[in-house]
Amino acid sequence: MFFDMRRHTHEVKIGKLRIGGTNKVAVQSMTTCSTMDTEGCIEQCIRIIDAGAHLVRLTTQGTREAENLRNIKAGLIERGYGDTPLCADVHFNPNVADVAATIVEKVRINPGNYVDPARQFKELEYTDEEYAQELKRLDERFCRFLNICREHNTAIRIGVNHGSLSDRIMSRYGDTPSGIVESCMEFLRICEREKFPNVVVSIKASNVKVMVESVRLLCKEMEKEGMDFPLHLGVTEAGEGEDGRLKSAVGIGSLLIDGIGDTIRVSLSEEPECEIPVALGLLQAAGVQRTKTEFISCPGCGRTLYDLQDTIRRIKSAVAERAKHNPRYATLKIGIMGCIVNGPGEMADADYGYVGAARGKVSLYRGKECVEKNIPEGEAVERLLQLIDSEQ
Ligand code: SF4
């Protein structure tokens with residue numbers, strides 16, 4: 001089932017990482033400390049990488065921060081973390097992007113503020129000539145940046161944010177998904193013309209509907225113009241705790257189900273490494289990647305024949321323990337069902353099943369086949385593990 005319907009994209013090289021094509025969906029996060037705080041950044045990067053990230057982004061406000069990326073990179077190499085690429089996050093100053101492109105593997109720029117003047121939040125009128133002039137200025141400046149990236153094998157991310165569209169785009173398209181998409185397409189057309197393929201694209205918004213609609217529209221527009229750039233997905237300012245996780249799951253998850261998305265970031269107002277397990281869980285829930293054992297369990301009802309919640313806890317903890325030494329466990333789907341009525345049917349695609357057979361009695365399944373009947377409940381978890389272990 002995995003990747004069956006995945007949108008076709010070309011592969012982008014980011015140092016040793018590959019994004020797009022048939023590569024796994026990459027997971028990333030962003031440091032939160034000042035990029036001038038070398039030690040702080042190194043430590044945060046290590047925590048993010050240890051949590052399972054494939055790429056780490058660092059905010060890069062000015063040339064000083066861009067230059068300091070060199071020290072951060074050196075520190076990471078020294079501690080054995082040099083293989084994970086870094087991405088400089090640049091706004092407002094194309095000169096900073098130029099410097100960063102000579103140091104790290106990827107640079108993110110924001111079309112809304114790359115060369116267009118800072119947004120005035122006024123309704124500005126642009127004549128066709130003025131509009132064309134700004135586009136020409138953008139084109140020239142961006143081409144200089146692309147040449148630097150080409151020379152250093154640096155990838156770029158064209159990262160549009162709903163909240164920072166330029167006055168120029170707003171004057172023509174307003175605050176709409178079409179405006180968001182056009183803001184992106186202007187840059188992508190230049191990349192195509194300049195034959196610069198090492199580009200990942202993102203459109204982010206804090207409004208989940210706007211984000212999903214805009215990304216779907218971007219995919220259509222790219223397809224119309226024969227482009228297949230990979231996509232980075234994320235919901236900005238998603239918040240923290242359950243709210244942030246739900247917003248990200250709905251936004252990123254909807255697109256993953258569509259087969260869209262080559263790298264994701266779950267933005268949370270928490271420690272950055274907390275984003276990674278959520279991102280990995282989201283990929284698993286969307287059926288994109290299996291990163292850990294998957295459990296299917298019923299909610300329980302009046303028919304439940306054993307202590308469902310306690311049993312789920314015991315099976316999960318025993319499986320987690322075994323998974324540390326046996327990678328096969330991470331590939332399994334295990335069903336835990338309170339009774340026989342719906343149990344076997346609902347967990348039909350599970351590899352193994354634990355199903356209530358009678359009060360205090362459990363049956364074990366391999367796929368759809370019942371392999372052990374009416375085991376006393378006290379022994380059933382251990383027997384399930386023995387059954388799995390016996391089939392290595
Ligand atoms: S599988 Fe059985 S116990 Fe679980 S919810 Fe369905 S009917 Fe109830």
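**View 1. The surroundings of helix 8 in the predicted model.** The buried residues of helix 8 pack against helix 7 (208-224), strand 9 (231-233), strand 10 (263-264) and helix 9 (275-285). The model shown here is predicted. Helix 8 covers residues 241-257, 17 residues in total. From its first C-alpha to its last, helix 8 reaches 23 Å, close to the 24 Å expected at 1.5 Å a residue. Its buried residues are Gly244, Arg245, Lys247, Ser248, Ala249, Gly251, Ile252, Gly253, Ser254, Leu255 and Leu256. Just after helix 8 comes glycine 259, with a positive phi of about 90°.

**View 2. Helix 2 and its cover.** Helix 2 runs over residues 63-78. Its 16 residues should span 22 Å at 1.5 Å a residue, and the end C-alpha atoms are 24 Å apart, which agrees. Buried in helix 2 are Glu65, Ala66, Asn68, Leu69, Ile72, Lys73 and Leu76. An α-helix has 3.6 residues a turn, so residues three or four places apart point the same way. The cover over the buried residues of helix 2 includes helix 1 (38-50), strand 4 (55-59), strand 5 (86-89) and helix 3 (94-100). Just after helix 2, glycine 80 has a positive phi of about 85°.

**View 3. The whole chain.** The protein chain holds twelve helices and 15 strands. Its C-alpha trace spans about 80 × 45 × 35 Å along the principal axes. The chain has 392 residues, and 43% of them count as buried. Take the contacts between residues at least 6 apart in sequence: 64% of these join residues at least 24 apart. The domain assignment gives domain 1 (12-285) and domain 2 (294-389). The C-alpha centres of domain 1 and domain 2 are 42 Å apart.

**View 4. The nonpolar cores.** The largest nonpolar core has 85 residues. Ala100, Val107, Cys184 and Val215 have the most contacts inside it. Helix 6 (residues 177-193) gives this core its largest share, seven residues.

**View 5. Cysteine 184 and its contacts.** Which residues does cysteine 184 contact, leaving aside its neighbours within four places in sequence? They are Pro111, Ile158, Val160, Val201, Ile203 and Leu218. Cys184 is also one of the residues with the most contacts inside the largest nonpolar core.

**View 6. The shell around the ligand.** Twelve residues lie around the ligand. Cys298, Cys301, Gly338, Cys339 and Asn342 come nearest. The shell divides into six nonpolar, five polar and one charged residue.

**View 7. Glycine 338, one of the residues that come nearest to the ligand.** Glycine 338 sits in the loop between strand 12 (333-337) and helix 11 (343-346). Is glycine 338 buried or exposed? It counts as buried because it has 23 C-beta neighbours inside 10 Å, and 20 or more are needed. Not counting residues up to four places away in sequence, glycine 338 touches Cys298, Gly300, Cys301, Arg303, Thr304, Leu305, Leu308 and Gly356. Alanine 357 is 19 residues away in sequence from glycine 338, and their C-alpha atoms are 8.4 Å apart.

View 8. Most residues other than glycine have a negative phi. Lysine 195 has a positive phi, near 55°. This lysine lies in the loop between helix 6 and strand 8 (199-204). Lysine 195 is exposed, with 8 other C-beta atoms within 10 Å. Asparagine 374 also has a positive phi, of about 50°, although it is not a glycine. Asparagine 374 belongs to strand 15 (residues 369-376). Asparagine 374 is exposed too, with 11 other C-beta atoms within 10 Å.

**View 9. Arginine 137 on helix 4.** Helix 4 (residues 128-152) contains arginine 137. Why does arginine 137 count as exposed? Because 12 other C-beta atoms lie within 10 Å of it, and the limit for an exposed residue is 12 or fewer. Serine 34 is 103 residues away from arginine 137 along the chain. The C-alpha atoms of these two residues are separated by 31 Å.

Conventions:
Residues are numbered from 1 along each chain as its sequence is written. This is a predicted model: local features need pLDDT of at least 70, side-chain atom pairs count only at pLDDT 80 or more; totals for chains, interfaces and linings use all residues. A residue is near a molecule or strand if its C-beta atom, placed from the backbone, lies within 6 Å of it. Ala, Val, Leu, Ile, Met, Phe, Trp, Tyr, Cys and Pro count as nonpolar, Asp, Glu, Lys and Arg as charged, and the others, Gly among them, as polar. Helices (H or I, at least four residues) and strands (E, at least two) are DSSP runs, numbered from the N terminus. The expected span of a helix is 1.5 Å times one less than its number of residues. Two residues are in contact if their C-beta atoms, placed from the backbone, lie within 7 Å. Domain bounds come from an automatic or database domain assignment. A nonpolar core is a set of buried Ala, Val, Leu, Ile, Met, Phe, Trp, Tyr and Cys residues joined through C-beta atoms within 7 Å.
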